[in-house]
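This report looks at aromatic rings and at charges placed over them. The structure comes first, then the details.

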Amino acid sequence: MLHFLSSSPLCPRFLLLPNPPATLRALAMSAAASSSSFRQVRCAAAPVPSLGADEAGTAADEAFQRHTSPSLRRGGAGVAIVWFRNDLRVLDNEALVCAWAASEAVLPVYCVDPRVSAGSTHYFGFPKTGELRAQFLIECLGDLKQNLRKKGLDLLVRHGKPEEILPSIAKAVSAHTVYAHKETCSEELLVERLVRKGLEQVVITQGGTSDQKKHLTPKLQLIWGTTMYHIDDLPFPVSNLPDVYTQFRKAVESKSSVRNCSKLPPSLGPPPCSGLDEAGGWGTIRTLESLGQTVTKSEKGMHFIGGESAALGRVHEYFWKKDQLKIYKETRNGMLGPDYSTKLSPWLASGSLSPRYICEEVKRYEKQRVANDSTYWVLFELIWRDYFRFLSAKYGNSIFHLGGPRKVVSKWSRDQVLFESWRDGRTGYPLIDANMRELSATGFMSNRGRQIVCSFLVRDMGIDWRMGAEWFETCLLDYDPASNYGNWTYGAGVGNDPREDRYFSIPKQAKTYDPDGEYVAYWLPELQSIAKERRNFPGASYIRQIVPLKFDGGHQKKDQQFNRQRRPNMYKR
């Protein structure tokens with residue numbers, strides 16, 4: 001469970017791979033060497049991407065050039081507003097291109113909604129947006145503003161509710177339409193309805209002389225643009241979406257095609273020539289500190305750089321510069337280092353990167369370098385991401401309910417002590433604790449780690465899965481509601497597919513994916529002096545295990561015997 005594209009939330013499937021061919025083993029060893037060098041630098045977080053600003057900027061500029069068409073013509077009139085939401089990019093932003101084509105001037109707007117930036121999660125009241133994701137989004141907005149300026153526009157930023165801000169701005173600049181990308185989950189859909197209702201109260205006047213003047217109401221034009229496969233191209237209506245992923249995947253692969261990225265004109269300008277002062281000017285992108293939050297820069301793990309330029313730079317780095325795409329399937333279950341997986345999910349979640357652009361780059365790579373299982377597997381993961389988005393449209397709020405889409409009745413605990421031990425990485429199981437500490441420090445966790453910690457919380461602890469899902473909502477850089485809650489319902493056994501109900505054995509996972517304990521020793525320095533084969537099963541050399549495992553392959557019994565021999569009573573809870 002847990003995650004698309006090697007970093008996205010919760011990918012509920014994995015395969016046991018046979019031994020790869022010698023050439024792939026050599027490439028995997030090269031990736032392992034890169035991971036080893038990462039481990040040696042223990043006092044600095046690795047930037048993702050690792051490109052310098054100039055190199056990332058060059059990669060982004062080249063991507064824009066490939067998707068710019070001088071032949072595009074605009075035939076509209078008046079002013080159109082682009083309401084940026086979870087689509088913080090210029091490249092392959094269909095709402096932006098449609099607004100340009102249907103107007104003489106475009107005004108890009110972003111609303112910092114306090115219900116999101118300073119709100120709480122629905123059931124358990126965790127911060128809705130943690131400091132790490134807030135900082136990442138601030139960087140995304142800064143980069144979006146810069147890229148819009150390169151195209152002759154700018155970004156108007158307002159702090160407040162969109163349903164209050166957008167009608168006011170539409171009136172000030174006499175905008176005839178507000179363009180935005182459509183969402184699928186209830187909170188976002190509610191805001192769409194409120195914005196539409198607010199615009200209905202606005203009347204603007206267009207035309208020169210009194211005889212030519214027209215009175216009209218601005219409209220909200222919603223455009224689908226969040227998935228690789230367009231919703232209109234599915235071989236069935238969303239209401240008939242298969243409840244089994246494999247059926248969905250085979251259907252779209254055989255009967256649908258991925259649309260090309262939308263082309264950009266050389267310039268998207270100009271912005272409106274009047275009304276901006278009345279609208280309050282362009283506004284500013286506030287710092288995290290000015291919003292009452294602070295973020296402590298991690299000295300370990302990875303540091304993701306926000307923004308479309310960084311996203312395009314990471315695609316260039318992983319696909320073309322480091323040539324890692326051809327071994328993705330062999331390395332994707334790693335847990336340590338920047339390059340065992342694509343690490344594209346934070347930018348996908350913020351909309352700084354288009355899934356269709358990734359698809360195009362995969363196809364270009366396959367033509368110019370190699371096509372194999374690894375190149376396909378990136379698309380396979382993107383289809384998972386699409387699937388969860390379409391499932392959220394089909395099942396609505398049930399993906400947030402305790403029983404999930406199938407209304408499964410189960411008894412769950414909300415034991416605060418147990419949950420906090422999981423949240424803080426103090427369970428007594430090094431593999432769980434290391435992953436949870438990485439999440440708190442970086443806002444990221446590997447695909448494999450997410451599956452393991454989810455299984456432990458719901459299977460071994462018996463804790464209400466929504467507590468885990470909401471904590472991930474707080475912490476993850478790559479949080480999006482459809483993928484996060486869709487995957488947690490799968491991990492908890494309440495998802496739409498009853499077959500996706502599996503237990504992840506910690507001893508087995510540790511032996512398979514961290515056999516030398518390098519990952520746990522990196523995040524739990526107290527284990528570094530322990531023999532490698534004992535790091536994941538340290539007995540009395542580590543804190544006491546807070547709950548027994550349901551299935552442990554004999555390691556639990558050995559640890560308990562070791563604990564009774566070595567551990568003083570003061571360790572008892």
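## Charges over rings

Arg423 sits over the face of Trp471, 5.8 Å from the ring centre. A charge counts as over a ring if NZ of Lys or CZ of Arg is within 6 Å of the ring centre and within 35 degrees of the ring normal. Lys343 lies over the face of Tyr340, at 3.3 Å from the ring centre.

## Basis of the values

This is a predicted model, in which local features need pLDDT of at least 70 and side-chain atom pairs count only at pLDDT 80 or more, while totals for chains, interfaces and linings use all residues. Residues are numbered from 1 along each chain as its sequence is written, and side-chain values use heavy atoms, with hydrogens and water left out.

## Aromatic pairs

Rings of Phe, Tyr and Trp (its six-membered ring) pair if their centres lie within 6.5 Å; planes under 30 degrees apart are stacked, over 60 edge-to-face, and the rest tilted. The count by this rule is 33 aromatic pairs. Phe124 and Phe126 are stacked, because their ring centres are 6.2 Å apart and their planes are at 25°.

Buried means under 20% relative accessible area, exposed over 50%, and partly exposed in between (1.4 Å probe, protein chains only). Phe124 is partly exposed at 22%, whereas Phe126 is buried at 10%.

## A tilted pair and a cluster

Phe136 and Trp347 form a tilted pair, because their ring centres are 6.3 Å apart and their planes are at 50°. Both Phe136 and Trp347 are buried.

One aromatic cluster includes Trp224, Phe236, Tyr245 and Tyr490.
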